[in-house]
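This report describes selected features of one protein model, taking up a helix, the pockets and a strand pairing in turn. The sequence and structure are shown here.

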Amino acid sequence: MEQLFLRKMTEGCKALGISLSMKQLEQFYQYYELLIEKNKVMNLTAITELEEVVSKHFIDSLSLVRVRDNLIDLKISLIDVGSGAGFPGIPLKIAFPNISVILLDSLNKRVVFLNEVIKKLNLSEIEAFHGRAEEFGQNKVYREKFDLCVSRAVANISTLSEYCIPLIKIGGTFVAYKSEKIEDELDKGKGAIHILGSEIESIEKFILPGTEAERDLVVIRKVKSTQKKYPRKSGLPGKEPIV
């Protein structure tokens with residue numbers, strides 16, 4: 001493991017109040033190596049510089065602890081919608097192995113990569129699935145079954161809410177990772193959040209450790225069951241967001 005990687009991961013985790021074992025740090029480094037290697041043949045990430053992968057992927061993913069500070073103690077179910085190359089789900093699983101995780105992505109070749117990472121890192125209680133959130137949200141196996149849903153997917157909050165809120169239990173939370181000024185977006189999305197049976201609990205604004213990048217974590221709590229008609233059929237939440 002490169003010393004630069006070890007130092008940057010340790011510094012970033014310390015800023016978040018997270019302590020990782022050497023085994024966990026090795027898992028993160030293995031993940032980094034797999035990501036860079038596979039990225040040569042498929043488009044997983046535009047961020048490939050070691051320090052940037054650490055800060056903008058790994059530490060960014062772990063920043064969930066800013067709004068959920070007891071993850072290390074909880075035995076909860078988490079679904080990562082639009083997981084892509086595994087962010088934030090895989091970093092959260094490495095750091096908090098007690099969490100059971102499902103990674104959901106609509107592109108099968110990314111799911112193949114995610115399963116390779118899971119196998120190489122010898123992670124348990126984590127699965128990657130090929131599918132769309134609209135379909136999962138209408139599947140009784142997954143609908144309203146999760147304690148926590150997270151997403152770093154690039155979509156407006158109204159669309160993301162329709163993807164994610166149907167998957168969480170009443171009393172559960174959906175946390176959207178955002179990286180830009182979101183006031184207007186939230187203002188437009190409040191109606192959708194309410195219609196889907198939820199409310200905005202908090203918005204955590206911060207500077208990502210080791211960078212000058214502004215981040216927002218939007219915490220949405222589910223207060224009642226989502227109407228059965230949501231999510232709508234595939235493609236509609238993106239084309240015609242709830243207003």
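Helix 3 is mostly covered, with 10 of its 13 residues buried, where buried means under 20% relative accessible area for a 1.4 Å probe and protein chains only. The buried positions are Leu50, Val53, Val54, Ser55, His57, Phe58, Ile59, Asp60, Ser61 and Leu62. Among the elements that cover them are helix 1 (3-16), helix 2 (22-39), helix 4 (89-95), strand 5 (168-178) and strand 7; helices (H or I, at least four residues) and strands (E, at least two) are DSSP runs, numbered from the N terminus.

The end C-alpha atoms of helix 3 (residues 50-62) are 17 Å apart, which agrees with the 18 Å that its 13 residues should span at 1.5 Å a residue, the expected span being 1.5 Å times one less than the number of residues.

## Basis of the model

This is a predicted model, in which local features need pLDDT of at least 70 and side-chain atom pairs count only at pLDDT 80 or more, while totals for chains, interfaces and linings use all residues. Residues are numbered from 1 along each chain as its sequence is written, and side-chain values use heavy atoms, with hydrogens and water left out.

The largest pocket has a volume of about 850 Å³. A pocket here is an open set of points on a 1 Å grid over the protein atoms alone, with protein on both sides within 12 Å along at least five of seven lines, and lining residues have an atom within 4 Å of a point. Of its 31 lining residues, Gly82, Gly84, Arg152, Ala153 and Val154 are the closest to the centre of the largest pocket. Helix 3, strand 2 (100-105), helix 6 (133-137) and strand 5 each give two or more residues to this lining.

The second largest pocket holds about 170 Å³ of space and is lined by 13 residues, of which Lys8, Glu51, Ser55, Pro209 and Gly210 lie nearest its centre. Helix 1 and helix 3 are the elements that give two or more residues to the lining of this pocket, and helix 3 gives the most, with six.

Glu204 has Leu217 of strand 7 as its bridge partner. The two strands form a hairpin with six residues between them, and Gly210 in the turn has a positive phi of about 85°.

Conventions. Pairing = 2+ DSSP bridges. Buried < 20%, exposed > 50% of the residue type's maximum accessible area, 1.4 Å probe, protein only. Contact = heavy atoms within 4.5 Å. 1 Å grid on protein atoms, 1.4 Å probe; cavity = no way out; pocket = protein on both sides within 12 Å on 5 of 7 lines; lining within 4 Å. Points joined across faces, edges and corners; volume = space filled by probe spheres on them.
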